[in-house]
Amino acid sequence: MIAVAADPAAVYALRLADDGLVLSHRLAQWSSRAPALEEDVALTNIALDLLGQARALYARSAELDGSGRSEDDYAFLRDERDFLNCLLVEQENGDFAVTVMRQLLFSTFQLEAWTALSESSDMQIAAIAAKAVKEVTYHLDHATQWTLRLGDGSAESHVRTQAALDQLWPYTAELFENDAVTRDVVAQGVAPDPERLRMEWDASVDHVLRQATLERPSTSWAPTGGRRGLHTECFGYMLAEMQHLHRAHPGAQW
Amino acid sequence: MVTTALERVRRVAGEVVDPEIPVLTIDDLGILRDVRVDASGHVDVDITPTYSGCPALDMIRADVASSVRAAGYADVTVNVVLSPAWTTDWMSEVGRRKLREYGIAPPRPRESGMQLLQIAVACPACGSAHTSEVAHFASTQCQALRRCTACAEPFPHFKEH
């Protein structure tokens, strides 16, 4: 096990990096399985953007905490409890509606976060964010188009999309969770206030859901723990798959 | 002497081609950001990625280093800089022409949002302005897939970024 970084900005960068890596892996699981060739290409393109952002953030986190950890250390040599991604991104792909809805809910959050972070007091995080804003704008457009088509589509697609929304909604509360780390990075000017992000996210998501004739869930169940390394059951299986090759053949290269 | 070395290194580095679109040099793409040669002969080359996850970047980085070394400058560092973020507006006119001839519709100017809406993406095969987007994501991160309604040819579009 690798010790958890103590520097708040390093931990914050690690959380964002883990979000990107984990969602990237989930999307890559669609490769050769998407409903159409164009979607296969779209989802893996989005995965590649997220992976690129994650790599830059891992490098920044390792600089901030002075650990000198490599990308492979982060991706392949940490155990489940060391990953600090939010629970939303690790949720299984489900049917296409679940993947689209996860993408809508998370890309909206990322677009708000990256936009604010492009003015971070940490110049390197600001630079990563300014590039990511352009990329996530495409991701959100893609998710929005699909949400409208599926939500306001056939009776079957509407039912499935509403079910996907109901299933994933509880995990969105965690995106705006405030803890000692976020309070420190907000105070340092490194990161935006989660409460401000929540207001922008609410308005943006509500607008799309209304247009897609979907009903915003009213559940108050709000599981958290991802930011502290406590994950849902499906995440261990995903990690086992993602890390298998590197752990079976340490240092493998090709 | 230092000025001459700088010009030479800049030309050599700028001639490295993009492995995914080999008609374009990194100078055409606008991803070669800066070249510096100090008094001791140490060379610094700054490049910037197009997209964060661009898989060509590591190869471009290695190609730049080996080209500069082959030109006689053994002490070279290739830096990846992220800011300011790359935009297709940095692509040269020569690069846009080469793309079109290669069969890829070049990116339109982004500088003015209004202008972008008014300029159609022309088919690189027949020149028709009657084209439509088939998929926003295509074979590489920087391209979209379009179709020409005049000649029915599908073609990639280097999308504005």
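This is a predicted model: local features need pLDDT of at least 70, side-chain atom pairs count only at pLDDT 80 or more; totals for chains, interfaces and linings use all residues.
User: In which sense do strand β1 and strand β2 of chain B pair, and over how many bridges?

Analyst: To read pairing, follow the bridges from one strand to the other. Here β1 (residues 32-37) and β2 (residues 43-47) of chain B pair in the antiparallel sense, over 5 bridges. You can trace two of the partners yourself: Val35(B) is bridged to Val45(B), and Arg36(B) has Asp44(B) as its partner in β2(B).

User: Is Leu57(B) buried or exposed?

Analyst: The idea is to count the C-beta atoms around a residue; 20 or more within 10 Å makes it buried. Leu57(B) is buried because 20 other C-beta atoms lie within 10 Å. Leaving out residues up to four places away in sequence, Leu57(B) touches Pro49(B) and Val80(B). As for Ala135(B), 78 residues along the chain from Leu57(B), the C-alpha atoms of the two are separated by 24 Å.

User: Stepping back, how many helices and strands are there in chain B?

Analyst: Chain B has 5 helices and 6 strands. Reading along the sequence gives the pattern α-α-β-β-α-β-α-α-β-β-β. The C-alpha atoms of chain B fill a box of roughly 60 × 30 × 25 Å along the principal axes, and 37% of its 161 residues are buried.

User: Now for cores. Which residues touch the most other members of the largest nonpolar core?

Analyst: In soluble globular proteins, nonpolar side chains tend to be buried together. Here the largest nonpolar core has 71 residues, and Tyr12(A), Ala13(A) and Leu88(A) touch the most other members. Helix α2 (residues 37-65) of chain A gives this core its largest share, 13 residues. Apart from it lies another core of 36 residues, including Ile21(B), Leu32(B), Ile104(B) and Cys142(B). Returning to Tyr12(A), its contacts beyond four places in sequence are Val181(A), Val185(A), Val190(A) and Ala191(A).

User: How do helix α5 and helix α6 of chain A cross?

Analyst: For a helix pair, look at the distance between the axes and then at the angle. The axes of α5 (residues 96-117) and α6 (residues 123-151) of chain A come within 7 Å and cross at roughly 150°. The two helices are therefore roughly antiparallel to each other. The crossing of α5(A) past α6(A) is left-handed.

User: Finally, how many residues of chain A are in contact with chain B?

Analyst: To read an interface, list the residues on each side. 19 residues of chain A are in contact with 13 residues of chain B. On the side of chain A that touches chain B, α2 and α6 each supply at least two residues, and α2(A) gives the most, with 10 residues.

Key:
Residues are numbered from 1 along each chain as its sequence is written. Chains are lettered from A and ligands numbered from 1 in the order in which they are written. A nonpolar core is a set of buried Ala, Val, Leu, Ile, Met, Phe, Trp, Tyr and Cys residues joined through C-beta atoms within 7 Å. A residue is buried if 20 or more other C-beta atoms lie within 10 Å of its own, exposed if 12 or fewer, and partly exposed in between; C-beta atoms are placed from the backbone. Helices (H or I, at least four residues) and strands (E, at least two) are DSSP runs, numbered from the N terminus. Two residues are in contact if their C-beta atoms, placed from the backbone, lie within 7 Å. Two strands pair if DSSP finds at least two bridges between them. Axes are lines fitted to C-alpha atoms, for helices over the stretch in contact, and angles run from 0 to 180 degrees between N-to-C directions. Angles under 35 degrees count as roughly parallel, over 145 as roughly antiparallel, 65 to 115 as roughly perpendicular and the rest as oblique. A crossing is left-handed if the near helix is turned anticlockwise from the far one by less than a right angle, and right-handed if clockwise.
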